[in-house]
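Please keep the sequence and the structure in view while reading.

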Amino acid sequence: MRALGVRSLGRTFALAATLALAQIASGRAADTIRLAVQKTGTFSWELAAIRASGLDKEADLSLDVTELASPEAGKIALRAGSADIILSDWLWVSRERALGAKLTFYPYSSALGAVMVPAASPIKTLADLRGRKLAVGGGAIDKSWLLLQASMKQDGIDLKSAATIVYGAPPLIAAKALDGEMDASLNFWNFCAQLEAKGFRRLAGIEDILPKLGAKGAVSAVGYVFDESWAASHRDAVARFIAMTRKAKELLVTSDAAWDKIVPLTGTTDPAMLKTYRDRYRDGIPRRSIADEEADARVLYRVLAEIGGRDLVGPTVDLDPGTFYHAVPGD
């Protein structure tokens, strides 16, 4: 069982001190933060842990949660002003900033997808995907798919033309993999966890190929996203929110019992699958400084811009300087 790193804990304590001072200074009622959350997403897991342990009350926050059907619905809610915080990625945030919407991002998870194959598959390396049928969850401009293509192009393999590619919604791709319709699949981390629990083999995690593309460590692809001007006028509340979520993650790392409240949200009671969910979630908890995260995101953004073009990144090939939010000095 892995504890959060020293640097990560240091940021948690700094943020906790910020919220404590803010509460002493204000003496006001709990601040309300409106969250737009995908009903089937892992953010709901974190919120369940927060509420069960009273971390929201400790942070003097009232969390107004709206459950939505998809990540796209969350983006619409944020842009429409009906939500304060959603989960999304720095790629979208930087693109929106380039188009004039000053959103900002704070790391939530570095858990990424993986290429999965049946346990007895003759496919042993990524190069063996040539001539095979590969299912991709999330569509043609999914980040993990683009990063995989970029990595294999360095080895002289144009996977998009070398393999038969089938796109589909992540649940459908997982079902097709289980039914044996595909030789391999690339899907979101939680669907990969499902396959792993059913005996599938991880051919390669996307995190494994990032160093080849220039990243120096685990990169949080998904984060809390909010409007820059809203954050400026609610700085104390944002600091308390981030401190609260860090405490929740620490709890989910150190306590198996804390997962009891999450089990009903996972859609399974299978012990092997629950353990895989828990282990992969823990692996994805951010442990690096924001500066390090941002530096690697800048490198990967250029990789994505090169392979995905303007359809993916918009008018600029560089990560916007304000994309990452710094909650406390030295964060």
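In this predicted model, E96 is buried, with a relative accessible area of 11%. The side chain of E96 meets that of R79 in a salt bridge, at 2.3 Å from N to O. R79, by contrast, counts as partly exposed, because its relative accessibility is 48%. Since R79 belongs to helix α4 (residues 71-80) and E96 to helix α5 (residues 90-98), the pair ties together parts that are 17 residues apart in sequence.

This bridge belongs to a set of 21 salt bridges in the structure. Another joins D296 and R288, whose closest N and O atoms are 2.9 Å apart. Here D296 is buried at 3% relative accessibility, and R288 is likewise buried at 17%. D279 and R278 also meet through their side chains, at 3.8 Å from N to O; D279 is partly exposed at 26%, whereas R278 counts as buried at 19%. D279 and R278 take part in a network of salt bridges that also links D256, K275 and R282.

The largest nonpolar core comprises 95 residues, and W90, L148 and F241 have the most contacts inside it. Helix α12 (residues 235-254) supplies the largest share of this core, eight residues. A second, separate core has six residues, among them M116, A177, L195 and F200. In soluble globular proteins, nonpolar side chains tend to be buried together. Leaving aside residues up to four places away in sequence, W90 touches F105, V219, S220 and A221, and also A297, L300, Y301, L304, L319, T323 and F324.

F105, one of these contacts of W90, stands opposite V225 in β10. Strands β4 and β10 (residues 222-227) pair in the antiparallel sense over six bridges. They belong to an open sheet of three strands, ordered β3-β10-β4 with antiparallel pairing. At its edges lie β3 (86-89) and β4 (103-109), each of which pairs on one side only. On average, neighbouring strands of this sheet are turned by 45 degrees against each other, direction ignored. Helix α12 lies across β4 and β10, and runs at about 165 degrees to β10.

Just after α9, G199 adopts a positive phi of about 100 degrees.

Terms used:
Residues numbered from 1 in each chain as written. Predicted model: local features only at pLDDT ≥ 70, side-chain atom pairs only at ≥ 80, totals over all residues. Heavy atoms only, no water. Core = buried A, V, L, I, M, F, W, Y, C linked by side-chain atoms within 4.5 Å. Buried < 20%, exposed > 50% of the residue type's maximum accessible area, 1.4 Å probe, protein only. Helix = DSSP H or I, 4+ residues; strand = E, 2+ residues; numbered from the N terminus. Contact = heavy atoms within 4.5 Å. Pairing = 2+ DSSP bridges. Axes fitted to C-alpha atoms, helices over the stretch in contact; angles between N-to-C directions. Salt bridge = Lys/Arg side-chain N within 4 Å of Asp/Glu carboxyl O.
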